[in-house]
Amino acid sequence: MTAADLVSIAERLIAAYDSASMLAAITSSRPDLSVDEAYVVLAEIEARRRAQGWQAVGRKIGFTNRTIWPRYGVFQPMWAHVWSHTLHRADRGRATIALKPFVQPRIEPEVVFRLKAPPPLSEDPLHILESVEWIAPGFEIVQSHFPDWKFKAADCTAAFGLHGALVVGEPLPVTPDNRAQIAERLPEFEATLSRNGILVDQGKGANVLDSPAFALLHLGRVLANLPQFPPLAAGEIVTTGTVTDAWPIEAGETWSSNYGSLGIEGLSVTFA
């Protein structure tokens, strides 16, 4: 595609975001759009958002849960920035979020890290966790501007990584005393997701690239090949992808999570 083509796609996606409206998947008319080109679109979008005053505070990684790849027809992870106004801090494990700004919103229970250093490109989870200041529960609110959540990898990569909002709960500091235990439990813990007190889904930490810690490794490797984006840095908040499927949400519902043996408190979010 030409540079003008990619700028035009960016402008269409920004318009859909700002008006909370839908549009046909980009690949329905441009099946040649590649994931690499989608990241060019994303970089254009993010440059315009920064010019509008948006401030990046971290990253979201999507489609790290391999168990849901066939369901959505997306067979690789993607990422996008989390912004200061899309990040919400729960108060004692509870939050309220308005759904009006979102299109076809869904909820995802995730493991969130705050970095104290750029994570190493290491396959040793203990080494990776040395770069992590704390671990916390998170709910990412994802959205699809494409009807019926039908898209290809390039579509959702360009479209803000499907990011709508991120709710972060009570952090647990990662210390030399608990680092090995956290590394051991990250692939093993069972997370549950409930709606209005009724269990709707559950999943293991290993669903997320064998461990949420390895989501950091994956992101570091991807960014090494995307020089138009900054590398991971100290202070960033990174949410590593859903442990369960993503579930549609509606106003009036309260969703809650539990992280089992991981040792972090779950979240409760009410949607208005």
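Modeller: With 272 residues, a compact globule would have a radius of gyration near 19 Å, and the 18 Å of the protein chain agrees with that. Here the radius of gyration is taken over C-alpha atoms, and the globule rule is 2.2 Å times the number of residues to the power 0.38. The model is predicted, so local features need pLDDT of at least 70 and side-chain atom pairs count only at pLDDT 80 or more, while totals for chains, interfaces and linings use all residues. Residues are numbered from 1 along each chain as its sequence is written, and side-chain values use heavy atoms, with hydrogens and water left out.

The C-alpha trace of the protein chain spans about 55 × 40 × 35 Å along its principal axes. Its secondary structure comes to 8 helices and 14 strands; these are DSSP runs numbered from the N terminus, helices (H or I) having at least four residues and strands (E) at least two. Of the 272 residues, 54% count as buried, where buried means under 20% relative accessible area, exposed over 50%, and partly exposed in between (1.4 Å probe, protein chains only).

Lys-60 is buried, with a relative accessible area of 2%. Leaving aside residues up to four places away in sequence, Lys-60 touches several residues, among them Met-78, Trp-79, Glu-140, Gly-161, His-163 and Thr-239; a contact means heavy atoms within 4.5 Å. Lys-60 and Trp-83 are 23 residues apart in sequence, and their C-alpha atoms are 10.0 Å apart in space. In the protein chain, residues 24 or more positions apart account for 76% of the contacts with a separation of 6 or more.

Aromatic rings complete the picture. Rings of Phe, Tyr and Trp (its six-membered ring) pair if their centres lie within 6.5 Å; planes under 30 degrees apart count as stacked, over 60 as edge-to-face and the rest as tilted. By this rule the count comes to 13 aromatic pairs. The rings of Phe-63 and Tyr-72 have centres 5.7 Å apart and planes at 70°, so this pair is edge-to-face. Trp-69 is buried, with a relative accessible area of 14%, whereas Phe-75 is exposed, at 52%.
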